Amino acid sequence: MKHKMTRLLVMCLTLSMILGCSGKGSVSSDATAAGSGGAVPNTTHADFPSKPIEIIVPFAAGGQSDTAVRLLLKTLPKYLPNHATVVVLNKPGAGSQLGVQELIKAKPDGHTLGVISGTNVTTFPLLQNVKCEISDITPICQFMDNSQMIAVPLNAPYKTPQELMAFWKSKPSKPFSMGIMAAGSSQELLVDELAAATGCPMTAVPFASSNDALTAMYQGTVDAVVMWPLNYDKSQSQIMMTATLERVPIFPEVPTVMELGVDFAIRYMHFDIAAPAGLPDDLTKILVEAFKKAIEDPETIAAYEAIPLNLQYKSPDECLALYEGELKDMTVYLKAKGILK
């Protein structure tokens with residue numbers, strides 16, 4: 001059981017690090033509750049913001065989440081009172097938990113926000129002795145969905161998703177190798193699930209970086225890679241399927257693994273903006289509306305499409321539903337594995 005817990009913890013930590021390594025600065029006005037974090041009654045904050053708003057990014061500068069935030073924050077100030085200044089504070093460490101801990105301990109006055117994912121407030125509290133739960137935050141919005149995709153080189157013998165799935169189900173004698181970004185990650189879990197569902201022997205091959213994995217695929221060292229949208233190069237590879245519940249908006253022609261007959265999807269690959277618990281209702285409303293407008297701004301949409309990144313807005317209530325769903329699913333999963341009682 002100790003081995004199982006260690007492996008799952010490694011999976012969660014590496015997932016967080018992958019997301020970070022892969023950003024600068026709303027939701028509908030009716031979704032202004034601070035959620036289970038507990039908003040306080042409206043007060044008067046006519047001078048808000050009275051200083052620059054800081055957004056804590058719990059990953060290193062230059063990574064995927066950092067880049068995504070910084071693109072969003074190019075348009076955010078014009079939707080804030082007095083065109084407020086917004087700055088990014090990169091606080092990497094402990095698989096993103098260092099920055100998140102600083103966020104939830106901050107004063108809930110609207111001047112400190114942070115980037116989080118569902119893992120920070122659901123899986124981590126289940127597996128680690130950390131105080132970081134859904135009740136510790138005030139969700140503001142989701143701004144990006146980060147989808148995992150399976151890609152093959154352009155010279156691969158299978159030209160369509162259906163051909164690749166048929167090849168897998170033919171149970172070839174040689175294991176099908178897939179490059180992943182870290183051992184014990186959700187990408188390795190995806191490879192395991194595909195192998196079990198198709199009957200094809202598969203091997204997950206970990207690399208130090210996504211670029212290393214892609215280089216190996218282009219050189220023929222591995223048959224395919226599990227990657228993020230930011231890594232896609234259509235001149236050298238073809239996306240065959242996504243490990244998502246629904247098709248990815250920036251790749252609408254690519255089917256999901258579930259459409260292809262594999263009952264598996266990684267449901268919670270998203271980045272959100274949150275404030276500490278206890279943010280007053282009026283400040284929550286200001287921030288929610290400003291972020292929603294920034295996400296819907298044509299300049300933001302164009303910037304995300306150019307990379308591409310999957311810009312996707314969800315309201316505070318929708319974020320809470322995602323967190324609660326992930327917590328429920330992970331609790332069931334960990335109990336089934338004998339890791340939780």
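How many of the eight residues of helix 3 (residues 97-104) are buried? In this predicted model, six of them are buried, and helix 3 is mostly covered. The protein has 341 residues, of which 54% count as buried. Its secondary structure comprises 11 helices and 11 strands. The accessible surface amounts to about 14,100 Å², with 55% of that area belonging to carbon and sulfur atoms.

**Helix 3 and its cover**

- The buried residues of helix 3 are Gln 97, Gly 99, Val 100, Gln 101, Leu 103 and Ile 104.
- Strands that contribute to the cover over these buried residues include strand 1 (53-57), strand 3 (112-116), strand 4 (137-145) and strand 10 (270-276).
- Helices also take part in covering them, including helix 4 (118-121) and helix 5 (123-127).

**Pro 161 in helix 6**

- Pro 161 belongs to helix 6, which spans residues 161-169.
- With a relative accessible area of 12%, Pro 161 falls under the 20% limit and is therefore buried.
- Beyond its neighbours within four places in sequence, Pro 161 makes contact with Met 240, Met 241, Pro 255 and Leu 260.
- The C-alpha atoms of Pro 161 and Ile 239 are 8.4 Å apart, although 78 residues separate the two in sequence.

**Salt bridges within a helix**

- Side chains of opposite charge can pair when their charged atoms come close.
- The whole structure contains five salt bridges.
- One of these joins the side chains of Arg 70 and Asp 66, at 3.0 Å from N to O.
- Both Arg 70 and Asp 66 are in helix 2 (residues 64-72), where they lie four residues apart, about one turn of the helix.
- Arg 70 is partly exposed at 27% relative accessibility, whereas Asp 66 is buried at 3%.
- In helix 9, Glu 296 and Lys 292 are likewise four residues apart, about one turn of the helix.
- The side chains of Glu 296 and Lys 292 form a salt bridge with an N to O distance of 2.5 Å.
- Glu 296 has a relative accessible area of 43% and is partly exposed.

**A salt bridge between loops**

- Lys 78 and Asp 297 form a salt bridge in which the closest N and O atoms are 2.9 Å apart.
- Lys 78 is in the loop between helix 2 and strand 2 (86-90), and Asp 297 is in the loop between helix 9 (281-296) and helix 10 (298-306), so this pair ties together parts that are 219 residues apart in sequence.
- Lys 78 is partly exposed, at 40% relative accessibility.

Conventions:
Residues numbered from 1 in each chain as written. Predicted model: local features only at pLDDT ≥ 70, side-chain atom pairs only at ≥ 80, totals over all residues. Heavy atoms only, no water. Helix = DSSP H or I, 4+ residues; strand = E, 2+ residues; numbered from the N terminus. Buried < 20%, exposed > 50% of the residue type's maximum accessible area, 1.4 Å probe, protein only. Areas by Shrake-Rupley, 256 points an atom, 1.4 Å probe, with all protein chains shown as cover. Contact = heavy atoms within 4.5 Å. Salt bridge = Lys/Arg side-chain N within 4 Å of Asp/Glu carboxyl O.
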